[in-house]
Amino acid sequence: MKTKSLFFALLMFATTRVLVAQEPSLIAKQQQLDAQWDVFLSHWEGSYDNNRQV
Amino acid sequence: MVIKKIELPAFGDHVFYGEWQAYGKPNKVTRQRIYNFVRENDSTFRMNLHIFPMDSIFKAKTSGAHLHPDKLKSISPKDMYPLAGCDVFFKPGQNHFQGAMKKGDCSFEAPNTGTPIYSWSQMKLTGDTFEYLDGWFNLDGSIYYEISKEWYVFDKL
């Protein structure tokens, strides 16, 4: 029983460590994706010259 | 062509008004559009587009709305020409966004002939240009009416 409890405690500890380590990169990735959406919206607005065909 | 962000909650959260003028005649409006953009997910951005009805009184009332957005305050999607299946789906690329309609979804009957056809538009957006290419196709994919062989390119001023 003690061994089982110790195993789960270690597993929880390891999982938490991994999640904490990953969190900054996940946040950075989400910020990057949010910025991409903002760029997409900002690109639309403006005055354009008459079209030219290429 | 002018594209201006406007507040028009009846159409959505990210709404833009587009007005196209005839070459060399800025007072002659040839096209009016409302674009609402929806973030489908992190890599797909949907353009829900609305075409104004071909009604000269409506056109006169709403032209120049990029300068006077109040001209649009009483309109809703119900006032627009219906365009089911004509949304354009954009994917982020390297310094650009590439978009296209879902092939075959923007279907309707051709004016005059009544032939069942579909429109297919492709678009490309960068910080400096907006480009598009479109055409009308028979349901088997053959060309019904080719609007252009080449991409139209609009440079931002």
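Gly46(A) sits opposite Ile3(B) in strand E1(B). That strand, residues 2-6 of chain B, is joined to E1(A) by 2 bridges, and the two run antiparallel. Strands pair here if DSSP finds at least two bridges between them; the strands (E, at least two residues) and helices (H or I, at least four) are DSSP runs, numbered from the N terminus.

This is a predicted model, where local features need pLDDT of at least 70, side-chain atom pairs count only at pLDDT 80 or more, and totals for chains, interfaces and linings use all residues. Residues are numbered from 1 along each chain as its sequence is written, with chains lettered from A and ligands numbered from 1 in the order in which they are written.

## The A side of the interface

In all, 17 residues of chain A are in contact with 28 residues of chain B (C-beta atoms, placed from the backbone, within 7 Å). Helix H1 (2-44), strand E1 (46-47) and strand E2 (52-53) of chain A each give two or more residues to this side, and H1(A) gives the most, with 7.

## E8(B) and its partners

Over in chain B, E8 (residues 116-125) pairs antiparallel with E9 (residues 129-138) over 9 bridges. The two make a hairpin with 3 residues between them, and Ile117(B) faces Asn138(B) in E9(B).

Ile117(B) is also the bridge partner of Phe108(B), as E7 (residues 107-109) of chain B pairs antiparallel with E8(B) over 3 bridges. Their hairpin has 6 residues between the strands, with Asn112(B) at a positive phi near 75°.

Terms used: Contact = placed C-beta atoms within 7 Å.
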